[in-house]
Amino acid sequence: HYMMGNTEKALKSFDDFTKRYPASASMPDVLFWMGEFEYNRGAYAAAELNFKELAQKYQASPPADAAWFWAGRSAFMQKDFKRANEYIVALLKDRPQTPRRAEARYHQAEALCELGDFSAAVLLYDEIIKQFPDSRLWDLSFCRKGDCQYTLGSEDAGRYEEAIASYQAVLDRTEPQKELRLRAEYGIGRCLDK
C-alpha cells in the first residue's frame, strides 16, 4: 500500500498488524515505520508514542537505538523540551556507544537551550567539539556554544570574550559553510557591541 502511494491504508494495515500479532518478531520494524510515518507528516504525538513503545518494549532490537532518538525529536517538535531531554538521556544511558551520540548530544543541548540552561548546553557543545571533530555538527556546535555564551554574558561580561573565541574557531576553519561563517561574523559583531 505504501509503495503504491496509499499511505493511509498502509498505516491502517500496520496498526492492524500490531493488534493482531503483538508477539511478532517484526513488531520493532512496524513500530518504527509507524513512528517515522507519523513524524514525517507532523503528527509528533503519535510518532512519539510509537517510538517510545519500540524503545521500551524492544530494547534489544536494532531500531531501539534510533527509536529513543526519534522519540526525543518528536517531543522537541511538540515543544516539550524536558521530555525531549529525558529521551536523549535514556538513549545515552541505554546505549552509550550509539553511533548517534554526537547528534543526540547536539539535540539535547538544543533542548537545554530552550529550557534556559545555557551553561549545561555549553558543556554538551564542548563534548561534541572535543569528541567529534570530524562531525558535520562541529562548526554548528561552536556557533551554538557562542550563542549560549553570549546569552550568559548578561550575567558575566567575560562570557562575551568566550563567545568571540567560539565564533572565531568557526572562522579559523579552512572552509566553514557560508551560512555558518556569516553567523559567526554576526555573533562576533554582537559581542563587540556589548
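Colleague: What makes the span of helix H4 (residues 63-77) close to the one expected at 1.5 Å a residue?

Modeller: Bearing in mind that this is a predicted model, helix H4 has 15 residues, and the distance from its first C-alpha to its last is 21 Å, close to the expected 21 Å. Just after H4, Lys-79 takes a positive phi of about 65 degrees.

Colleague: Why is H4 described as largely enclosed by the rest of the structure?

Modeller: A residue is called buried when its relative accessible area is under 20%, and 13 of the 15 residues of H4 are buried, so H4 is largely enclosed by the rest of the structure.

Colleague: How do you know whether Asp-65 is buried or exposed?

Modeller: Asp-65, whose place is in helix H4, has a relative accessibility of 10%, and because the cut-off for buried is under 20%, Asp-65 counts as buried. Its side chain is joined to that of Thr-98 by a polar contact of 2.8 Å, and, leaving aside residues up to four places away in sequence, Asp-65 touches Leu-91, Arg-95, Thr-98, Pro-99 and Arg-100.

Colleague: Which term describes the direction of H4 relative to H5, and why?

Modeller: The axes of H4 and helix H5 (residues 81-94) come within 7 Å and cross at roughly 170 degrees. Angles over 145 degrees count as roughly antiparallel, so H4 is roughly antiparallel to H5. On the H4 side the contact is made by Asp-65, Trp-68, Phe-69, Ala-71, Gly-72, Ala-75 and Phe-76, while H5 contributes Phe-81, Arg-83, Ala-84, Tyr-87, Ile-88, Ala-90, Leu-91 and Asp-94. By class, this contact of H4 with H5 has eleven nonpolar, one polar and three charged residues.

Colleague: Why does Thr-18 count as buried?

Modeller: Thr-18, which lies in helix H1 (residues 7-20), has a relative accessible area of 15%, and because buried means under 20%, Thr-18 is buried. Not counting residues up to four places away in sequence, Thr-18 touches Met-27, Val-30, Leu-31 and Met-34.

Colleague: How do you know that the span of helix H9 (residues 158-171) agrees with its 14 residues?

Modeller: At 1.5 Å a residue, H9 should span 20 Å, and its end C-alpha atoms are 21 Å apart, which agrees. The buried residues of H9, among them Arg-159, Tyr-160, Ser-166 and Leu-171, pack against helix H7 (118-131), helix H8 (138-152) and helix H10 (178-193).

How values were computed: Residues numbered from 1 in each chain as written. Predicted model: local features only at pLDDT ≥ 70, side-chain atom pairs only at ≥ 80, totals over all residues. Heavy atoms only, no water. Helix = DSSP H or I, 4+ residues; strand = E, 2+ residues; numbered from the N terminus. Expected span 1.5 Å × (residues − 1). Buried < 20%, exposed > 50% of the residue type's maximum accessible area, 1.4 Å probe, protein only. Polar contact = N/O pair within 3.5 Å; in protein donor to acceptor, adjacent residues only side chain to side chain. Contact = heavy atoms within 4.5 Å. Axes fitted to C-alpha atoms, helices over the stretch in contact; angles between N-to-C directions. Parallel < 35°, antiparallel > 145°, perpendicular 65-115°, else oblique. Nonpolar A, V, L, I, M, F, W, Y, C, P; charged D, E, K, R; others polar.
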